[in-house]
Amino acid sequence: MKGIITSKLGSIEISPEIIAIYAGTTAVECFGIVGMAKVSMEDGGWARLLKRESLTKGIQVTIDDDNQVNLDFHIIVAYGVSIQAVSDNLIENVRYKLLEYTGMKVKIIRIFVEGVREID
């Protein structure tokens with residue numbers, strides 16, 4: 001389902017892919033996040049760090065009937081940082097930026113920490 005922004009001039013449909021790109025870009029800018037992850041079953045269930053151009057593969061976006069966004073993030077965090085602090089920061093930033101960018105409210109953000117890496 002696509003997101004819809006309505007105004008007195010008409011309506012705009014937003015693809016979940018666009019929301020995923022914006023949310024992913026916001027996420028990797030957050031302190032403590034090394035990047036987005038993709039879990040590959042052919043690699044025995046290991047998480048793989050995604051390149052910046054593949055951010056959307058680590059995010060699932062669904063839009064419910066009330067035009068609210070639900071997001072699942074699969075992330076890799078930096079070694080030695082508080083996962084709780086990183087998660088809180090991610091949730092706060094993504095909620096704010098998506099509301100500002102699209103006018104759509106974020107209902108649920110689920111974060112799956114798929115790995116921990118040292119930052120070089």
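**Close-up 1. The salt bridge between D72 and R110 in the predicted model.** At 38% relative accessibility, R110 counts as partly exposed, and in this predicted model its side chain meets that of D72 in a salt bridge, with 2.7 Å from N to O. Because D72 lies in strand β6 and R110 in strand β7, the pair ties together parts of the chain that are 38 residues apart in sequence. D72, at 14% relative accessibility, falls under the 20% limit and therefore counts as buried.

**Close-up 2. The salt bridge between K107 and D64.** K107 forms a salt bridge with D64, and the closest N and O atoms of the two are 3.5 Å apart. This pair links distant parts of the chain, since K107 belongs to strand β7 whereas D64 sits in the loop between β5 (59-63) and β6 (69-78), 43 residues apart. K107 counts as partly exposed, with a relative accessibility of 43%, while D64 counts as buried, with a relative accessibility of 16%. With a salt bridge taken as a side-chain nitrogen of Lys or Arg within 4 Å of a carboxyl oxygen of Asp or Glu, the count comes to two salt bridges.

**Close-up 3. The side chain of S87 and the backbone of I83.** S87 lies in helix α2, which covers residues 83-102, and at 13% relative accessibility S87 counts as buried. A polar atom of the S87 side chain lies 2.9 Å from the backbone oxygen of I83.

**Close-up 4. Helix α1 and its buried residues.** Helix α1 comprises 13 residues (residues 16-28), which at 1.5 Å a residue should span 18 Å, and the C-alpha atoms at its ends are 18 Å apart, in agreement with that expectation. Within α1, the residues I19, A20, A23, G24, T26, A27 and V28 are buried, where buried means under 20% relative accessible area.

Methods
Residues are numbered from 1 along each chain as its sequence is written. This is a predicted model: local features need pLDDT of at least 70, side-chain atom pairs count only at pLDDT 80 or more; totals for chains, interfaces and linings use all residues. Side-chain values use heavy atoms; hydrogens and water are left out. Helices (H or I, at least four residues) and strands (E, at least two) are DSSP runs, numbered from the N terminus. Buried means under 20% relative accessible area, exposed over 50%, partly exposed in between (1.4 Å probe, protein chains only). A polar contact is a pair of N or O atoms within 3.5 Å; within protein, one must be able to donate a hydrogen and the other to accept it, and residues adjacent in sequence count only if both atoms are side-chain atoms. The expected span of a helix is 1.5 Å times one less than its number of residues.
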